[in-house]
Amino acid sequence: MTHAWRASESPALVVATKGGCVRPGGRWAVDGRPAHLRKACEASLKALGVARIDLYQLHAPDDRVRFEDSVGALAELRTAGKIAHVGLSNVSVAQIRAAQAIVPIVSVQNRCNPYDLRAFREGVVAHCEREKIAFLPYSPVGGSRGVAQLRADPALGAVGAAHGATAPQVALAWLLAKSSVTIPIPGASRAESAVSSFAARQVVLTEAELAELDAAFGLGTS
């Protein structure tokens, strides 16, 4: 384990991970049983080499398990000092509220990008804003296939040309501008991709550009 991963020794570093999924035969499967979540958390503590995980998120609700039971397991891990903060992923506003009745929720990680706007349309982002919960959109550029779609998007291309930015950078800048609680988490298989994504923070969109992109993506329409 490298020294850089030890969050307790680096105040600027926050270690976040998730529990509640397994990989039988290489496929993804949800497992929100309290016993599994406790076991998964212990495994993450050992793998990360830390005594406490800064942010531990429920990977997804498990239809076979009462949602409140899954969240309750994370609340118990927080009380035990195994995790500092609890987050959720792939949840609705109703589920966020149910979880908040059990334990403070500091983050919500749902899929969100210009071509998947359910988090906006279903009120998840708005609820996070009201409750001061960090919204962590995953797949913010839609993965490898999404990047190709973004690069072919005329609206993103026009705005990007005005800023000397790539279409994925504009998409990330748009997400950042849509809400003060949003922290996109783009994946990267290459170092240069991570650097490029980080540079999106320097792209400051005008109100006219934001409105243009909203219209292009159909935000606010049925």
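Predicted model: local features only at pLDDT ≥ 70, side-chain atom pairs only at ≥ 80, totals over all residues.
Local features are given at pLDDT of at least 70 and side-chain atom pairs at pLDDT 80 or more, while totals for chains, interfaces and linings use all residues. Residues are numbered from 1 along each chain as its sequence is written, and side-chain values use heavy atoms, with hydrogens and water left out.

View 1. Let's start with α7, residues 154-163, a helix in the DSSP sense (a run of H or I, at least four residues, numbered from the N terminus). Ala155, Leu156, Val159 and Gly160 are buried here (under 20% relative accessible area, 1.4 Å probe, protein chains only). Their directions from the helix axis to the C-beta atoms fall within an arc of 125°, so they line one face of α7. Pro154, Ala161 and Ala162, on the other side, are exposed (over 50%). The buried residues pack against α6 (143-151), α8 (167-178) and α10 (207-217).

**View 2. Gln169 in helix α8.** Here we look at Gln169, a residue of α8 that is buried at a relative accessible area of 11%. Beyond its neighbours within four places in sequence, Gln169 is in contact with Ser196, Ala199 and Ala200 (heavy atoms within 4.5 Å).

**View 3. Helices α3 and α5 side by side.** The axes of α3 (residues 93-100) and α5 (residues 124-131) come within 9 Å and cross at roughly 30°; these axes are lines fitted to C-alpha atoms over the stretch in contact, with angles from 0 to 180 degrees between N-to-C directions. The two helices α3 and α5 are therefore roughly parallel (angles under 35 degrees). Val93, Ile96, Arg97 and Gln100 of α3 meet Val124, His127, Arg130 and Glu131 of α5.

Methods: Parallel < 35°, antiparallel > 145°, perpendicular 65-115°, else oblique.
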